[in-house]
Amino acid sequence: MCPGVESDRPGACPKCGMALERNPTFPAGPEDDGELCDMTRRMWIGALLALPVFILAMAHLFPGAPHWLMGGASRWVQFALTTPVVLWAGWPFFVRGARSLRSGRFNMFTLIALGVGAAFAYSAVAMLAPGFFPAAMHTMGGVGVYFEAAAVIVVLVLVGQVIDLRARARTGSAIRALLDLAPPTARILENGAEREVPLDSVTVGATLRVRPGEKVPVDGTLIEGRSSVDESMLTGEPMPVAKTPGDEVTGGTINGTGAFLMRAERVGGATMLARIVQMVAQAQRSRAPIAALADRVAGWFVPAVLGIAVLTAALWFFLGPEPRLAHALVNAVAVLIIACPCALGLATPMSIMVGIGRGAQTGVLVKNAEALERLEKVNTLVVDKTGTLTEGRPRVVDSHMLAGFDPAGLLRLAASLEQSSEHPLAAAVVASAKEKGLALENVRDFRSVTAAGVAGTVAGRTVLVGKPGFLRGEGIAGLEELESTAVASQREGRSAIFVAVDGRPAGMFILADPIKTTTLAAIRELHALGLRILMLTGDSAATARHIASQLGIDEVTAEASAADKHDIIRDIRRKGARVAMAGDGINDAPALAAADVGIAMGTGTDVAMESAGITLLRGDLRGLVRAVRLSRALMRNIRQNLAFAFLYNALGIPLAAGALYPAFGLLLSPIIAGAAMSLSSVSVIANALRLRFVSLDGAPTTSTTLHWPA
């Protein structure tokens with residue numbers, strides 16, 4: 001409820017009085033349920049003692065009840081049983097209430113402590129010193145006592161606390177499930193000997209052995225062996241990914257049938273899994289701007305309730321029927337108890353904790369609750385092309401050879417040369433050769449011209465790969481046939497790289513960045529959600545228009561630099577649009593920061609993810625559909641909770657003050673007020689927990705088991 005409060009030891013929050021929660025640790029430590037156990041023990045013992053008190057107090061309502069049940073002995077038994085209920089079972093409420101009075105930060109425990117304390121103190125004085133009260137208040141059994149009200153209210157509040165603590169434990173199920181993805185131990189290899197060590201003792205650079213079927217302990221690089229790794233917890237893809245020496249592996253993923261050695265690169269809190277856990281935990285403790293409404297109300301609510309209770313007591317004492325003092329006390333206590341702002345305080349944080357945990361289960365990582373609140377109001381979505389709409393990894397999709405050259409042979413020469421280049425298109429050529437099982441040759445005299453091409457000697461042959469201008473600059477003529485063939489592909493947004501061998505043109509390879517298979521369906525769903533979609537890319541206009549026409553995107557801006565993207569986002573916002581920006585590259589970071597909501601693809605760069613408020617771990621736009629649905633469901637849930645909390649107090653306080661008495665002769669017992677107060681909190685909690693089952697994919701959710709992502 002108060003995310004800014006931190007302590008180095010367990011205890012109660014100095015602002016709201018609720019129990020502090022332990023920050024999640026990595027790897028997972030033992031679950032801390034001390035507060036829940038303590039409150040549960042107090043609840044059961046208090047209930048066992050309060051039940052006979054309640055029966056004795058209500059004995060006069062049962063015909064034929066023995067007279068001794070209503071005499072002085074009964075009152076002494078009630079006093080004896082109520083004292084431990086109030087002073088032991090309810091002691092934490094008095095401690096928190098006293099702290100709130102000293103600090104001036106009034107909260108729910110302020111009202112509980114005052115209400116229960118007033119009822120118990122009044123009854124105790126009536127028992128021990130009845131002479132302090134006027135004769136009009138004395139009946140056959142003495143001055144009326146309200147031990148049952150004090151005892152039952154304490155038990156009801158304890159029931160509410162136990163339900164709340166259990167609910168808060170369930171809201172952390174997503175984090176615990178994430179923590180459990182990491183194995184508790186790792187097999188470390190030192191000086192030829194293998195031993196099993198706790199995960200938190202693994203250091204960067206350590207050599208680890210991962211056996212078949214085991215979880216990868218930390219992030220690192222495979223250095224020996226081959227295997228297939230199930231990375232579905234990160235990507236959602238069911239097919240295992242082949243891993244060979246040099247490939248990266250991620251902690252928490254599951255090794256297949258092969259054993260391998262790996263070098264630890266990121267350990268502890270630096271691993272991908274630990275960062276995800278921390279992001280979810282921080283988001284669950286964050287506050288949405290709508291919470292400021294509840295904060296403002298709470299700021300004057302408790303003092304106002306105290307004033308209403310005093311006014312109620314005064315009106316009943318001076319204007320009410322006899323026994324005036326008893327009526328004044330009972331109604332003032334009822335006001336204090338029923339007005340307890342527990343439901344109001346829980347309304348926003350409970351929904352945020354459950355909603356962000358639900359998002360984490362489906363691969364939607366939220367940096368803070370404000371991002372989700374803003375996303376609900378977004379009407380314009382700006383998307384990058386490469387890596388967001390497309391896979392971000394160009395592939396060789398076609399080739400065209402001139403006479404005297406065969407595709408496989410030319411691909412082997414080009415890939416052998418390109419393996420020394422770091423250009424994405426070069427990587428695509430090399431990947432295509434490896435897929436076809438071609439053996440690559442060593443390269444001599446390699447040289448590279450930035451944004452133009454590469455040259456070198458492969459198997460004794462001079463090879464050039466690059467743009468037509470680069471080849472002409474190297475003295476290659478006769479490229480016209482290849483260039484005319486390439487025009488049609490370039491109109492479709494594809495790229496062509498030209499190859500020359502031994503001083504003459506040899507052929508070209510056509511490359512394309514395929515659209516993700518999920519993009520078209522996601523775009524249609526986003527349109528159905530009422531969003532206008534713009535593509536903002538640094539790629540060529542022809543490529544951008546071709547992609548946009550295939551996907552039905554509303555507007556396209558191409559050949560935009562990082563600064564251009566930032567300025568365009570700012571201009572769109574200036575015109576009144578609520579903008580979300582989705583991207584994955586370093587050049588997208590300024591635009592992500594400039595948007596109302598920045599959304600980073602989890603397959604992108606760390607810079608993009610740091611600049612964004614939401615990260616889609618799976619890296620496709622279906623995650624954005626889930627995020628929009630989640631934001632709308634979360635904000636709807638928060639508004640429902642706040643409306644219920646406000647309505648409850650608006651109706652409850654007049655009833656507790658005795659508004660029905662002049663017309664109907666009805667008064668609200670403090671016990672009923674305590675039950676209503678607990679019921680209101682339970683209702684808010686139950687409504688918030690509904691978010692665990694909200695459908696983010698358009699189908700009913702029937703299970704709360706973690707699917708990462710679903």
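Me: What makes residues 699-710 a stretch to treat with care?

Reply: This is a predicted model, and pLDDT stays under 50 over residues 699-710. The model does have 38 contacts beyond four places in sequence for that stretch. Still, where pLDDT is low, the predicted coordinates should not be read in detail.

Me: Okay, and which elements have the lowest and the highest mean pLDDT?

Reply: Helix H21 (residues 606-611) has the lowest, at 57, and strand E11 (residues 260-266) the highest, at 93. For the chain, the mean is 79, with 79% of residues at 70 or more.

Me: Why is Arg-211 with Glu-194 called a salt bridge?

Reply: The cut-off is 4 Å between a side-chain nitrogen of Lys or Arg and a carboxyl oxygen of Asp or Glu. Here the closest N and O atoms are 3.1 Å apart, so the pair counts as a salt bridge. Arg-211 sits in the loop between strand E5 (207-210) and strand E6 (219-225), while Glu-194 is in strand E4 (residues 193-198), 17 residues apart.

Me: What do the salt bridges that share partners join into one network?

Reply: Arg-187, Glu-194, Arg-209, Arg-211 and Glu-214. The whole structure has 24 salt bridges.

Me: How do you know that Arg-374 and Glu-370 form a salt bridge?

Reply: Their closest N and O atoms are 2.8 Å apart, and the limit is 4 Å, so the pair qualifies. Both residues lie in helix H12 (residues 369-377), four residues apart, about one turn of the helix. Arg-374 has a relative accessible area of 38%, so it is partly exposed; Glu-370, with 29%, is partly exposed as well.

Me: What about Arg-444 and Asp-445: how far apart are the closest N and O atoms?

Reply: They are 3.7 Å apart, and with the limit at 4 Å this pair is therefore a salt bridge. Arg-444 is exposed, and so is Asp-445.

Me: Switching to the inside, which residues touch the most other members of the largest nonpolar core?

Reply: Leu-375, Leu-389, Leu-526, Ile-599 and Ile-614, out of 52 residues. Helix H22 (residues 622-657) gives the most to this core, with ten residues. Apart from it lies another core, of 36 residues, including Leu-36 and Phe-93.

Me: What is Leu-389 in contact with, leaving aside neighbours within four places in sequence?

Reply: Among its partners are Val-383, Ile-515, Met-535, Leu-551 and Leu-621. Leu-389 also contacts Asp-384 and Lys-516.

Key:
Residues are numbered from 1 along each chain as its sequence is written. This is a predicted model: local features need pLDDT of at least 70, side-chain atom pairs count only at pLDDT 80 or more; totals for chains, interfaces and linings use all residues. Side-chain values use heavy atoms; hydrogens and water are left out. pLDDT is the predictor's confidence in each residue, from 0 to 100. Helices (H or I, at least four residues) and strands (E, at least two) are DSSP runs, numbered from the N terminus. Contact means heavy atoms within 4.5 Å. A nonpolar core is a set of buried Ala, Val, Leu, Ile, Met, Phe, Trp, Tyr and Cys residues joined through side-chain atoms within 4.5 Å. Buried means under 20% relative accessible area, exposed over 50%, partly exposed in between (1.4 Å probe, protein chains only).
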